[in-house]
Amino acid sequence: MAILQRECEILSHEQLSGTTWRIELSAKDIACLVQPGQFIHLRIPEFEEHILRRPFSVFQADSNTHVIRIVYRVVGEGTRRMTELACGDTVDIMGPIGNGWHLPNGARRVLIIGAGVGAAPVYELAKQGQNNGMDVTVVLGAQTHAELVFEKPYLDLGVDVICATDDGSYGFAGFCTDAALEAVDAAKTAGEPFDYCAVCGPYPVMRIAASFCREKGIPCEVSMERRMACGIGACLSCVLDTTDGKKRSCVDGPVFDANEVKW
Ligand SMILES: Cc1cc2nc3c(=O)[nH]c(=O)nc-3n(C[C@H](O)[C@H](O)[C@H](O)COP(=O)(O)OP(=O)(O)OC[C@H]3O[C@@H](n4cnc5c(N)ncnc54)[C@H](O)[C@@H]3O)c2cc1C
Ligand code: FES
């Protein structure tokens, strides 16, 4: 599919927690084309010292209103500069990019693990599963209750939501991978095991989830968010080692079969 480049107006921009922001863009045809798990490459305006675009997964896309939303965490100068963008400003984006998730047609019970802002690229997947009549459980992880910013949108979808906080301030006290493993074992005991798992979050979260899914025979996909330069497959800055050789996270991924990744 062609990657489009569009100048998009910012419709709203809101701080969700100390470090997390949500930005809403009028994204024209990109909003109609984007598939769950794909991302956009955004040029930060008036940021000439850093010419490289920054990649962000699409959190929500509405093909009727042509609106997309991204949720981002401030980690460096580019994302800090983004917090200064105002409604009515425009940003140049390229997209949609990447392969997205491969929700199996026949799946009945789906487990989705989203840690931190890793909960963004799995939202449209959860919606797709829910719309297809699948039984969807979403495990959301954050360090603290204040950083757990995705609970409401997922509850509004009507999926089962399990929240985990590292400091125990809300929901399951501990890592989201431990909460997810409990859910996996409970589903198996109930005779309704999960038959697909999607994971996005920090590297250790994906590695641990990939490991227990392999052990328990659950097909698992992960979103490998490497540092990216071109975002279109040309520069090789985003390669990772797989059982099938080196692959580019931007265009061969970012979603990979977890068993294909050399952890
Ligand atoms: C496909 C993809 C989808 C992404 N989706 C989201 C999203 O939905 N929300 C979100 O908040 N972030 C997302 N990211 C990460 C986001 O692109 C980076 O946080 C951002 O580019 C950092 O820019 P910066 O100028 O603020 O930081 P920089 O000054 O460039 O870097 C600051 C710190 O962040 C680290 N960093 C930078 N880029 C990445 C990266 N790609 N992965 C891990 N660490 C990185 C650097 O190593 C450094 O420690 C995604 C990344 C990829 C590759
Ligand atoms: S970012 Fe250039 S090849 Fe992936």
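Tutor: Welcome! Helices here are DSSP runs of H or I with at least four residues, strands are runs of E with at least two, and both are numbered from the N terminus. Keep in mind that this model is predicted.

Student: Thanks! Where does Lys28 lie?

Tutor: Lys28 has a positive phi of about 50°, though it is not a glycine. Most residues other than glycine have a negative phi. As for its place, Lys28 lies in the loop between strand 2 (20-26) and helix 1 (29-33).

Student: Is Lys28 buried, exposed or partly exposed?

Tutor: A residue is buried with 20 or more other C-beta atoms within 10 Å of its own and exposed with 12 or fewer. Lys28 has 17 C-beta neighbours inside 10 Å, so Lys28 counts as partly exposed.

Student: And Leu236, is that residue buried or exposed?

Tutor: Leu236 is not a glycine either, and its phi is positive, about 65°. The loop between strand 13 (220-223) and strand 14 holds Leu236. There are 11 C-beta neighbours inside 10 Å, so Leu236 counts as exposed.

Student: How far apart are the end C-alpha atoms of helix 5?

Tutor: Helix 5 has 14 residues, 176-189. At 1.5 Å a residue, helix 5 should span 20 Å. The model agrees with this, because the end C-alpha atoms of helix 5 are apart by 20 Å.

Student: Which residues of helix 5 are exposed on the face turned away from its buried side?

Tutor: Start with the buried residues of helix 5, which are Cys176, Thr177, Ala179, Ala180 and Val184. They cover an arc of only 160° around the axis, so they sit on the same side of helix 5. Their cover includes strand 8 (109-115) and helix 6 (203-216). The face turned away from that buried side carries the exposed residues Ala186 and Thr189.

Student: Which elements give two or more residues to the shell around ligand 1?

Tutor: Ligand 1 is surrounded by 21 residues, and the closest are Tyr72, Gly76, Gly78, Thr79 and Glu225. The elements that contribute two or more residues to this shell are strand 4 (54-57), strand 6 (67-73) and helix 2 (77-82).

Student: Which residue of strand 15 is the bridge partner of Thr242?

Tutor: Strand 14 (residues 239-242) and strand 15 (residues 245-248) run antiparallel, joined by four bridges. A hairpin of two residues links strand 14 to strand 15. In strand 15, Thr242 is bridged to Gly245.

Student: Which residue does a cis peptide bond join to Gly95?

Tutor: Most peptide bonds are trans. Here omega is about -10°.

Conventions
Residues numbered from 1 in each chain as written. Chains lettered and ligands numbered in written order. Predicted model: local features only at pLDDT ≥ 70, side-chain atom pairs only at ≥ 80, totals over all residues. Expected span 1.5 Å × (residues − 1). Arc of directions from axis to C-beta. Contact = placed C-beta atoms within 7 Å. Near = placed C-beta within 6 Å. Pairing = 2+ DSSP bridges.
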